[in-house]
Amino acid sequence: MLKVKRSRTRDPLPESFSSLEGLWEFWDTHSTADYEDLMKEVDVRVNIRSSKVYCAIAKNLIAQLRAEAQRQGVPTTALIHLWLAEKLKEIPQRK
């Protein structure tokens, strides 16, 4: 592999970020190509047969969901699953 030396200086790579927003802001303004020498190789495995689906939930909603789940003494994901199932039962079935 041919390594190309970069002539410009780079900002130091933070050891950690205090928030996701901080991480996103850093990588929105920096190139991973400038930090290749600091990156480690990792083994990633993906289960394409998984039945789980992930979706983004607004911060204000997830905060309310977590608080309600804690109040009920159940995991947040269980509460979301239950509420979605209840809501879907309200929808008339099409034939």
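Search the whole structure and you find 5 salt bridges, a salt bridge being a side-chain nitrogen of Lys or Arg within 4 Å of a carboxyl oxygen of Asp or Glu. Before going through some of them, a word on what we're looking at. This is a predicted model, where local features need pLDDT of at least 70 and side-chain atom pairs count only at pLDDT 80 or more, while totals for chains, interfaces and linings use all residues. Residues are numbered from 1 along each chain as its sequence is written, and side-chain values use heavy atoms, with hydrogens and water left out.

Start with Asp 37 and Arg 10, whose side chains meet in a salt bridge at 2.7 Å, N to O. Asp 37 sits in the loop between α1 (20-28) and α2 (59-72) and Arg 10 in the segment before α1, so this pair ties together parts 27 residues apart in sequence. (Helices here are DSSP runs of H or I, at least four residues, and strands are runs of E, at least two, numbered from the N terminus.) Asp 37 counts as exposed at 53% relative accessibility, whereas Arg 10 is partly exposed at 37%. The cut-offs: buried is under 20% relative accessible area, exposed is over 50%, and partly exposed is in between, using a 1.4 Å probe and protein chains only.

Next come Arg 45 and Asp 43, which pair up at 3.0 Å, N to O. Arg 45 is exposed at 74%, and Asp 43 is exposed too, at 61%.

Arg 71 is exposed, at 61% relative accessible area.

Now for the largest pocket, which holds about 450 Å³ of space. A pocket, on a 1 Å grid over the protein atoms alone, is an open set of points where a 1.4 Å probe fits, with protein on both sides within 12 Å along at least five of seven lines; lining residues have an atom within 4 Å of a point. Its lining includes Tyr 54, Cys 55, His 81 and Leu 84, and the lining residues divide into 6 nonpolar, 3 polar and 1 charged.

How far can you trust the model? The chain averages a pLDDT (the predictor's confidence in each residue, from 0 to 100) of 87, and 92% of the residues score at least 70.

Methods:
Grid points are joined across faces, edges and corners, and a volume is the space filled by probe spheres set on the points. Ala, Val, Leu, Ile, Met, Phe, Trp, Tyr, Cys and Pro count as nonpolar, Asp, Glu, Lys and Arg as charged, and the others, Gly among them, as polar.
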